[in-house]
Amino acid sequence: MGVSQTDGRMEGWLYTIRHNRFGLQFSRKRYFVLHENNLTSFKSVPSDHNEEPERRASLDCCIRVTDNGRESFHRKILFIFTLYNTSNHLDQLKLGASSPEEAAKWIRSLQDASQKGFPIPDCEFFVSHAEKGLVKLDVSKRNRRKNSVDWTNYSSTNYSSTSLNVETNVAPDVIAPSPWKIFGCQNGLRLFKEAKDWDSRGRHWDDHPAIMAVGVIDGTSEDIFNTLMSLGPLRSEWDFCFYKGNVVEHLDGHTDIIHLQLYSDWLPWGMNRRDLLLRRYWRREDDGTYVILCHSVYHKNCPPKKGYVRACVKSGGYVVTPANNGKQSLVKHMVAIDWRSWNLYMRPSSARSITIRVVERVAALREMFKAKQGHGFTEFVSGEFLDTKPCLSKINTMPLKTEAKEVDLETMHAEEMDKPTSARNSLMDLNDASDEFFDVPEPNESTEFDSFIDSSPYSQGHQLKIPTPAGIVKKLQDLAINKKGYMDLQEVGLEENNTFFYGATLQKDPSLTLPCSWSTADPSTFLIRGNNYLKNQQKVKAKGTLMQMIGADWISSDKREDDLGGRIGGLVQEYAAKGSPEFFFIVNIQVPGSAMYSLALYYMLKTPLEEHPLLESFVNGDDAYRNSRFKLIPHISKGSWIVKQSVGKKACLVGQVLEVCYTRGKNYLELDIDVGSSTVARGVTNLVLGYLNNLVIEMAFLIQANTVEELPELLLGTCRLNYLDVSKSVKER
């Protein structure tokens, strides 16, 4: 549909995604305009800038934007993102763009707009609910360091001050050797194999090695991404291995289960046909890079098929990075696969040759784009959704029970329309009830499904009674937890003996040899902002940490476990009972899985908090300030390349992508980080959990420094987690 960005104004067509009274999702096409911190919508392109909008909303620092990935609506692929109010999660707006690049531009612009609405740097943010669904701003001059948000981390074309330090460098923030060794060049592609830690010379071949092909394609990263994701007829023009495929289950906007059947004519003579059942995950990086990761899974709805041997992809995927100002793309295709062949003639070298042929598909993709002059995506139709059930989330097709309450629809609608336009500016007000009856027509768009949905009246009054998606998910989680009507004897024994010391449930191992243990990581592995960062944008090796790591917890539970530092009998409260002056900083990473896992890391500051102004500002600041400053640097030092690729090595402002609950105690500050609050993070977590007991994970934490006075940065602490095992987590009641 295209978007336009001029003079701080962004506009274009988007789709509003809503639920009708039956709980089914439907989309409506609207023209949106974002100017400064005001978001308005129209049913047609406005004739001039003064035209009165149909709906409007004001964005402020309480508005967050999340990337929900890809969804299918009426056989159209949309890229979904949601705006929501952190002070009222019922106040939200779900939108869809026709391409991932459009979605990324809107997400970035909306994030910037929510911060640009407050040009005064010395201000404090207060949320007022005096008017229904309306987020207001009260500005009061205060100490900026303690009470305000420093928005200099956000990119903006309107600011040119040297104090604004946008991190445009996409280089990793971790110093680590490359896991790949080149072994050849074929069909214009460089070929690499994954080098093991003990294989310093790069000469040893595993039975099922990870092999990577790297090439340059004349096409945008977005076009190549769409081509790679398609399972329709277009794929047969470049993927010589592919016979047919379909989506078995759509898990979320970034993850699905796909089934691929392969041709046999490219396999060695006498080798049976192969098929693959893969869990596929994708994401887009800030620099326009697309990452697609796959590995084999089992699914009850797709058992092995007669006439096929199911191969096992240990890890595989693509990384598509823009090059030459976006006109070309660097494409990496990686595969580690067990072909499941028992024939004697199938030597390891033969298996490697087959895998090398698989990754050579990059050359075929390059030639197709060259033949189509870089427009291989023109035939891109959502072929992956055609062989599946309608791509509506399971939670949306469940019958919904609404309260039996009579509502005068005409009266409510009249009252709503009597309000001045300026009063209807919450995010929910952009979801007009009448949208269920009206949509902007599109060429060749089927309206059969629309007519079914639009056959019943719907009002905003009813909308408020329908559970939100977040509420429905919560109910389903509760049902999943309680569906087991009994408890095993082993679980009873664990519950009876569930008395443990918070801060010491994960053992320490300085020797780095014991599984399921922790130690500290080398600070010099991580790169942070130095004294001259604002001038040269260069980072330097960290030389030490401000705090000492003294303990860790690895806990599983059927619910979120918050405020571990405040629990009686724990490490922190033991110091508090003695009246000790030490201050504690706790990072509690809450990971959703078969249970809710909590990885809590405890750091102790022995010197007075007042001696460290930046840390003191963070500890005593408001949540908005904390969200804009707390930074994590991840590093998978040992493990499969697919996990390393999914996690990355770039610093992240955690509070900008995940929900963080801050608990300030007498002698501690705890950060409870909900990894499940982001679709992208949840997809990465699910992948990591599958490999967890084969990983060594290193992390560093710090408070971002944005001014000359705050530089250089200093790590708060580091950790090294050795081969964690979910079965060895301590079960919490």
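Q: Which residues lie nearest the centre of the largest cavity?
A: In this predicted model, the count comes to four cavities of 30 Å³ or more, and the largest of them has a volume of about 330 Å³. The elements that give two or more residues to the lining of the largest cavity are the strands S13 (255-262), S14 (273-284), S15 (290-296), S17 (312-323) and S18 (328-338). Of the 25 residues that line the largest cavity, those nearest its centre are Leu-260, Leu-278, Tyr-318, His-333 and Arg-361.

Q: How many residues in the lining of the largest cavity are nonpolar?
A: The lining of the largest cavity is made of 25 residues, which can be sorted by class. Four of them are charged and three are polar, while the number of nonpolar residues is 18.

Q: What is the bridge partner of Trp-518 in S31?
A: Strand S20, which covers residues 517-519, pairs with strand S31, which covers residues 715-722, and the two run in the antiparallel sense over three bridges. Within this pairing, the residue of S31 that is bridged to Trp-518 is Leu-721.

Q: How many residues of strand S10 are buried?
A: Strand S10 (residues 189-194) pairs in the antiparallel sense with strand S9 (residues 180-186) over six bridges, and S10 is also joined to strand S11 (residues 211-217) by four bridges, again running antiparallel. Strand S10 is mostly covered, and of its six residues the number that are buried is five.

Q: Which residue in the turn between S9 and S10 has a positive phi?
A: Strands S9 and S10 form a hairpin with two residues between them. In the turn, the residue with a positive phi, about 55 degrees, is Asn-187.

Q: How many bridges join strand S23 to strand S25?
A: Both strands belong to an open sheet of six strands in the order S28-S29-S24-S25-S23-S32, in which the pairing is mixed. Strand S23 covers residues 548-557 and strand S25 covers residues 596-605, and the two run antiparallel. One of the pairs of residues facing each other is Asp-553 with its bridge partner Ala-600 in S25, and the number of bridges that join the two strands is nine.

Q: Is Gln-373 buried or exposed?
A: Gln-373 is found in the loop between helix H5 (361-371) and helix H6 (409-418). Although Gln-373 and Asp-218 are 155 residues apart in sequence, their C-alpha atoms are 7.6 Å apart in space. A residue counts as exposed when its relative accessible area is over 50%, and because Gln-373 has a relative accessibility of 67%, it counts as exposed.

Methods. Residues are numbered from 1 along each chain as its sequence is written. This is a predicted model: local features need pLDDT of at least 70, side-chain atom pairs count only at pLDDT 80 or more; totals for chains, interfaces and linings use all residues. Side-chain values use heavy atoms; hydrogens and water are left out. Two strands pair if DSSP finds at least two bridges between them. Buried means under 20% relative accessible area, exposed over 50%, partly exposed in between (1.4 Å probe, protein chains only). On a 1 Å grid over the protein atoms alone, a cavity is a set of points where a 1.4 Å probe fits but cannot get out, and a pocket is an open set with protein on both sides within 12 Å along at least five of seven lines; lining residues have an atom within 4 Å of a point. Grid points are joined across faces, edges and corners, and a volume is the space filled by probe spheres set on the points. Ala, Val, Leu, Ile, Met, Phe, Trp, Tyr, Cys and Pro count as nonpolar, Asp, Glu, Lys and Arg as charged, and the others, Gly among them, as polar.
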